[in-house]
Amino acid sequence: MSATPEIKSHGMKFAEEQLLKHGRTQGKGLGRNENGITQALRVTLKQDTHGVGHDPAKEFTDHWWDELFNRTAASLVVEAGQDGVRIKRLSKETGRRNHPKPNLLYQKFVKLCQELSRGAWVG
């Protein structure tokens, strides 16, 4: 029983010829120590317009709005009284908590730009 030879595309034939021309031995790995890959990488055709590494499932698994609602609801207290219902916020903290404070150099840059726009700075 003989093994059927693998049918190679024109591009694969060209690549194999180049590797053989530069000293590759059939069946051995790539690299100086011949310990690299032995089989060629298979290329797949990309049909969509998203970038490499894009996760299309993230749209359905990242529920940012649900986390925001739960965090906001946890910071509210509802009190029922004779004059109606009152809603109080437990903390005055806003959503800026997650944003890092700009560094001092950037703050000086913004201040200088503001002074320039007012014409207050003369060099």
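Predicted model: local features only at pLDDT ≥ 70, side-chain atom pairs only at ≥ 80, totals over all residues.
Select residues 10-21 to bring up helix α1, whose twelve residues reach 16 Å from the first C-alpha to the last, close to the 16 Å expected at 1.5 Å a residue. Move on to Gly23, which follows α1 and has a positive phi, near 100 degrees.

Next, show the side chains of Leu19, Leu30, Ile37 and Leu41, which together make a nonpolar surface patch of about 360 Å². Within this group, pick out Ile37, which lies in the loop between α1 and α2 (58-61) and is partly exposed, with a relative accessible area of 45%.

Then go to helix α4, residues 104-118, and display Tyr106 and Phe109, which stand three residues apart and are thus separated by about one helical turn. In an α-helix there are 3.6 residues a turn, so residues three or four places apart point the same way. The model has a count of one aromatic pair, and Tyr106 and Phe109 form a tilted one, with 6.5 Å centre to centre and 35 degrees between the planes. Tyr106 is itself partly exposed, at a relative accessible area of 47%.

Switching to a surface view brings up an accessible surface of about 12,200 Å², 57% of which belongs to carbon and sulfur atoms, while buried residues make up 2% of the 123 residues in the chain.

Conventions
Residues numbered from 1 in each chain as written. Heavy atoms only, no water. Helix = DSSP H or I, 4+ residues; strand = E, 2+ residues; numbered from the N terminus. Expected span 1.5 Å × (residues − 1). Patch = residues over 30% accessible without salt bridge, like charges linked within 9 Å, V, L, I, M, F, W, Y side chains within 5 Å. Areas by Shrake-Rupley, 256 points an atom, 1.4 Å probe, with all protein chains shown as cover. Salt bridge = Lys/Arg side-chain N within 4 Å of Asp/Glu carboxyl O. Buried < 20%, exposed > 50% of the residue type's maximum accessible area, 1.4 Å probe, protein only. Phe/Tyr/Trp six-rings, centres within 6.5 Å; stacked < 30°, edge-to-face > 60°.
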